[in-house]
Amino acid sequence: MSLLALQRDFAAFLRDGDADRAAAGMRVYQNNYRAQLCAFLEDGFARTRDWIGEAAFEDAMIRHIQRLPPSSWTLDAYARDFPDTLGLLYPDDPEVAELAWLELALAEAFVGADAEPLTQADARNIDWDEAVLHFAPTFDLRVVATNVADLWAALAAGETPPAAAILPDRHALIVWRQAQVSRFRLIDADEEHAILLARSGRRFAEICEAIVALHGEERGIEMAGSYLGRWLATEMLVAPAIE
Amino acid sequence: MQRHARFGLGLRKPHYAAFLEHRVAVDFVEVISENFMVAGGRPRELLREVRARYPVALHGVSMSVGSAEGVDRAYLARLRALVDEIEPLFVSDHLCWTRVDGFNSHDLLPLPYTEEALDTVCANVDAAQDALGRTMLIENPSSYVAFDGAMTEWEFLNALCARTGCGLLLDVNNVFVSAVNHGFDARVYLDAMPADRVRQIHLAGHSQGADLLIDTHDQPVPASVWDLYAHVLPTLGPVATMIERDDAIPPLHELLAELSAARAIAGRTESLAA
C-alpha cells in the first residue's frame with residue numbers, strides 16, 4: 001500500500017471508523033482525534049456550553065465533528081463553522097448560534113492583526129469633509145435578533161442569565177479589540193447604518209448627510225458627532241485615508 | 001556556535017505571569033509555535049516580552065513532515081515570519097503526519113518506516129528547512145500502532161538525519177512509551193539512534209491506558225524515564241534538556257524541581273566523564 005493510500009485509510013477511520021472492530025492502538029488515535037476537537041470547542045465556547053447545558057453541548061460537538069472534519073493547520077479555524085452547526089441544531093432558538101458567534105468573534109478579535117488606533121489628537125488634524133473612516137482590522141459586525149448581549153454578560157459574570165428574548169427592534173453586535181482586550185457592544189439600526197456606510201467607503205461628510213436626511217440637521221449632526229466620538233474613544237478606528 | 005548544556009521548561013499559560021514578573025531559573029523556554037502563529041494581539045506581544053527575557057525554542061505540531069502530499073507552503077511562510085521575529089534557539093516538529101486530502105487531524109499520526117516514507121519525509125524536511133532558512137529538529141513520536149516497514153524507527157531517524165542534515169529532538173518519554181507499546185528495548189533504540197544529531201531533549205510523563213501506555217504529558221517524569229535519560233546522556237554532546245508538561249499543569253516550583261533533578265543527572269554525567 002502506498003503512503004498516500006495508507007494516510008487516506010487512516011484519516012477515514014479517524015472520521016467514522018468502527019472502533020469496536022479496530023485494534024487498540026487505532027482506538028487510541030480515534031479517541032485522541034475526537035477528544036482534542038471537543039476540548040478545543042469546549043474551551044472556545046464556554047458560555048454557549050453554560051447556556052445549553054453540558055449534555056446538549058456534547059451532542060452538538062459530536063454532530064459538528066461528524067458534519068465538518070477539520071481542514072486547517074490551526075484549530076482556530078475549526079471554530080468558525082460551529083455557530084452554523086448550532087444554528088442547524090437549534091433553528092427555533094436563535095440565541096444559541098448568536099451566542100456562539102459572539103464567543104467566536106471575541107476570540108478572533110483577540111488574535112487579529114495589530115493596527116495603530118486613530119486617536120483624538122490625530123482626529124484634530126483630519127479634514128473631515130474628505131476623510132474616509134477605516135475600522136480596526138479586528139472589527140466585526142453581525143445583526144442579531146435576540147438579547148444575546150445580556151445573556152453573554154450574565155453568563156460571564158456567573159449570574160443567572162435572563163430568559164432568551166427576541167429584540168423588539170433591529171440591532172447588531174459589533175466586536176473589536178481595544179488595548180489588547182476584545183470588546184463588544186450592541187448597537188441600534190442607526191449606528192449600524194452609519195458603520196455600514198463607512199465600511200462601504202463613503203466619506204464621513206457623506207455619512208453625516210445620510211444621517212441628517214433621516215433625522216434632521218440638528219439631531220443628525222449630533223448623532224454623527226456622538227458616533228465618531230465613541231468610535232475614537234474606544235479605538236474602533238485606524239488612520240483614515242484622504243481620497 | 002559553541003554548544004553548551006541548557007535546561008528549560010515548556011512555557012504554559014498558568015506560568016506566563018511568573019516568567020514575565022520574575023527571572024525564572026531556566027536557560028530557555030519552549031513554546032508551541034502554532035499558538036503564536038496568529039496575526040497579532042496579546043499572544044504575539046507576550047511572546048516578544050518573553051523573548052526579551054529568555055531564549056525561546058519554537059516547537060510545532062502541525063508541519064506534517066510525513067504527509068504524502070508534501071508540506072503546506074502557507075503554513076511554512078507563516079512559521080518563517082515568526083522565526084524571523086523571534087530568532088529562536090531551535091525550530092522543531094514531529095516525525096509524523098497530520099494532513100491528507102484537505103483533512104487535518106490535529107493529532108500526531110504514525111508513519112510506516114518504509115523507503116517511500118523516508119523519501120517523503122526527507123523531501124518535506126528539505127523543503128521546510130529551505131523555507132525557514134535554517135536547520136530543524138525532528139522529534140521522535142510516541143505511537144500506538146506499528147506498520148510493517150523496512151526499518152526500525154532509529155534506522156529511519158539515522159537515514160533522515162544523514163540525508164537532510166536535520167537535528168533531533170529526543171523525547172525520552174516517547175521512546176519509553178513506544179518501546180512498551182511495541183515490545184522493543186528502549187536502550188537498544190537510544191544506543192542506535194544518531195546521538196551526534198541530538199540538540200534537545202524532552203522529559204515528560206505518561207499514563208497507563210486500557211491496553212497501551214498513553215503519551216499524556218500530564219504526569220511528573222517517572223523513574224523509568226529518568227533512568228533512560230541518565231543512560232543516554234553520556235552518549236550525547238551538550239544538549240538542551242526540557243521538562244514538557246502539556247496537561248494538568250502543576251505549580252511552577254514543581255517543574256523547576258524536576259528541572260533540578262535533570263541538572264543533577266547531567267552534573268553527575270559530566271563528573272564521570274571528567
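Predicted model: local features only at pLDDT ≥ 70, side-chain atom pairs only at ≥ 80, totals over all residues.
Residues are numbered from 1 along each chain as its sequence is written, chains are lettered from A and ligands numbered from 1 in the order written, and side-chain values use heavy atoms, with hydrogens and water left out.

Okay, the interface. On the chain A side, 35 residues are in contact with 44 residues of chain B, contact being heavy atoms within 4.5 Å. The buried area comes to about 3100 Å², and carbon and sulfur atoms give 66% of that; buried area here is the accessible area (1.4 Å probe) that two parts lose on being put together, summed over both. In chain A, the residues losing the most area to chain B are L3(A), Y29(A) and W73(A), together 28% of what that side buries.

R27(A) meets D211(B) at 3.4 Å, N to O. R8(A) pairs with D101(B), and there the closest N and O atoms are 2.6 Å apart. That pair crosses from helix α1 of chain A to the loop between β5 (97-100) and β6 of chain B. Helices (H or I, at least four residues) and strands (E, at least two) are DSSP runs, by the way, numbered from the N terminus. R8(A) is partly exposed at 39% relative accessible area, and D101(B) is partly exposed too, at 44%. Buried means under 20%, exposed over 50%, partly exposed in between (1.4 Å probe, protein chains only).

Now α2 of chain A. Its buried residues, Y29(A) and L37(A) among them, pack against α1, α4 (54-67) and α5 (82-89) of chain A, together with β6 (103-109) and β11 (213-214) of chain B.

Last stop: inside chain A, E192(A) and R170(A) form a salt bridge at 2.8 Å, N to O. E192(A) is in helix α9 and R170(A) in strand β3 (residues 166-178), so the pair ties together parts 22 residues apart in sequence. E192(A) counts as buried at 3% relative accessibility, whereas R170(A) is partly exposed at 48%.

Note on methods. Salt bridge = Lys/Arg side-chain N within 4 Å of Asp/Glu carboxyl O.
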